[in-house]
Amino acid sequence: MTTEPRVGPESPGNMRTLVLSNDLDETREIISSAYSPYELSVLGDPKDFSAWYAEGGFPGITVSGLQYGAETLVAPQPLDSYLLVCQLVRGSVRVMSPGREERVVGPGQTYVLDPYREFRVHWAPGARMTTVRLDRETVERAAAEALGVEGPLRARFQLGGPVSAGAARTWAGISAAVHREVLGEGIARTSPLVASHLTQTTAALLMETYRLVTDGVDAQRPGVVAHAAVRRAMALAEERADQPLTLADLALAGRVSPRALQEAFRRHLGTTPLGYLREVRLGRARLDLLAGRGRPDVTVAAVACRWGFGNLGRFAALYQQKYGEPPSRTLRG
């Protein structure tokens with residue numbers, strides 16, 4: 001069995017070929033060392049099996065290429081200390097996360113495997129992919145910064161691709177820059193400062209490109225909203241509830257993107273930013289109705305309009321749902 005790295009015909013630029021073999025056991029051993037321990041099964045004719053694996057990088061990021069020549073099934077253990085952004089170069093794979101998600105990925109498409117995910121990958125014969133590998137700590141610091149949480153945040157990602165076409169183009173740009181640094185003679189290989197900046201930028205763009213989920217994260221103490229962006233947006237909603245605030249206004253106050261603020265509100269409060277604003281306005285409307293009892297100049301329509309409810313029927317339905325009585329009854333007493 002040959003385990004020493006060797007330069008193969010498909011090793012581009014500064015990447016080293018670690019596997020170029022028809023030996024299933026050799027491939028399993030070397031790639032298990034490069035990634036994480038995993039099971040590798042040939043689903044087709046074992047005689048058709050072949051594998052190629054190469055990698056290269058600079059401090060903070062590793063780029064790799066992987067190809068199987070036969071139909072195979074890979075079942076790794078959770079990655080634990082790092083995250084992979086995978087892009088199919090040719091062929092297709094079916095990625096399965098037991099009990100959670102399943103997705104078929106084709107040429108040019110990407111998916112993310114976070115450190116905590118159990119997954120299996122069914123490779124079509126001849127499928128080939130490249131991966132960008134980031135340390136878990138780097139990713140989780142970026143996730144905390146994106147969501148306004150102090151300290152690293154346990155970051156999970158859905159298997160779906162980029163959240164939008166624009167996000168996909170942005171990721172393609174940073175991925176191409178990373179590949180140029182690795183495959184060519186980029187200065188990130190010799191400059192720690194450039195390597196650090198490129199790594200941090202890549203991690204930050206990851207947060208905006210793929211759907212981040214944080215279920216199961218204990219990011220707050222009971223009764224205390226620990227998310228700084230949420231606190232800032234809540235303060236604005238409470239201070240200016242009578243003004244025509246938008247999601248963009250609340251995100252600006254929170255100092256995060258609208259998508260990041262929505263995710264933070266969902267995680268910490270179980271609602272949306274605009275949903276929270278609506279609850280504040282309903283509360284203020286109730287106070288006005290209670291204070292207006294016996295005053296002929298106070299009407300339900302006027303109170304609803306003051307607190308941003310242009311549709312009186314919709315206001316009445318929301319009020320009834322929250323307080324168990326119509327606003328007219330609250331006003332009459």
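The side chains of Arg 286 and Glu 325 form a salt bridge, with an N to O distance of 3.5 Å. A salt bridge here is a side-chain nitrogen of Lys or Arg within 4 Å of a carboxyl oxygen of Asp or Glu. Arg 286 belongs to helix H8 (residues 273-291) and Glu 325 to the loop between helix H10 (312-323) and helix H11 (327-332), so the pair ties together parts that are 39 residues apart in sequence. Helices (H or I, at least four residues) and strands (E, at least two) are DSSP runs, numbered from the N terminus.

This is a predicted model, in which local features need pLDDT of at least 70 and side-chain atom pairs count only at pLDDT 80 or more, while totals for chains, interfaces and linings use all residues. Residues are numbered from 1 along each chain as its sequence is written, and side-chain values use heavy atoms, with hydrogens and water left out.

Is Glu 325 buried or exposed? Its relative accessibility is 18%, so Glu 325 counts as buried; buried means under 20% relative accessible area, exposed over 50%, and partly exposed in between (1.4 Å probe, protein chains only). Arg 286, at 22%, is partly exposed. Arg 286 also lies over the face of Tyr 323, at 4.5 Å from the ring centre. For a charge to sit over a ring, NZ of Lys or CZ of Arg must be within 6 Å of the ring centre and within 35 degrees of the ring normal. Elsewhere, the charged end of Arg 154 sits over the ring of Tyr 116, 3.9 Å from its centre.

The salt bridges number 10. Another of them joins the side chains of Arg 306 and Asp 288, at 2.7 Å from N to O. Arg 306 is in helix H9 (residues 300-306) and Asp 288 in helix H8, so this contact ties together parts that are 18 residues apart in sequence. Arg 306 is partly exposed, with a relative accessible area of 46%. Arg 295 and Asp 297 meet in a further salt bridge, at 3.0 Å from N to O. Here Arg 295 is partly exposed at 44%, and Asp 297 is exposed at 52%.

Next come the aromatic rings. The whole structure holds 8 aromatic pairs. Rings of Phe, Tyr and Trp (its six-membered ring) pair if their centres lie within 6.5 Å; planes under 30 degrees apart count as stacked, over 60 as edge-to-face and the rest as tilted. Tyr 68 and Trp 123 make an edge-to-face pair, 4.9 Å centre to centre with 85° between the planes. The pair links distant parts of the chain, with Tyr 68 in strand S4 (residues 61-68) and Trp 123 in strand S10 (residues 120-123), 55 residues apart. Both Tyr 68 and Trp 123 are buried.

How are the rings of Trp 171 and Tyr 210 arranged? Their centres are 5.8 Å apart and their planes at 80°, so the pair is edge-to-face. Both residues are buried. Ring pairs also connect Phe 309, Phe 315, Tyr 319 and Tyr 323 into a cluster.

Last is helix H7 (residues 258-269), which has 12 residues. From its first C-alpha to its last, H7 reaches 16 Å, close to the 16 Å expected at 1.5 Å a residue; the expected span is 1.5 Å times one less than the number of residues. The buried residues of H7 are Ala 260, Leu 261, Glu 263, Ala 264, Phe 265 and His 268. Just after H7, Gly 270 takes a positive phi of about 70°.
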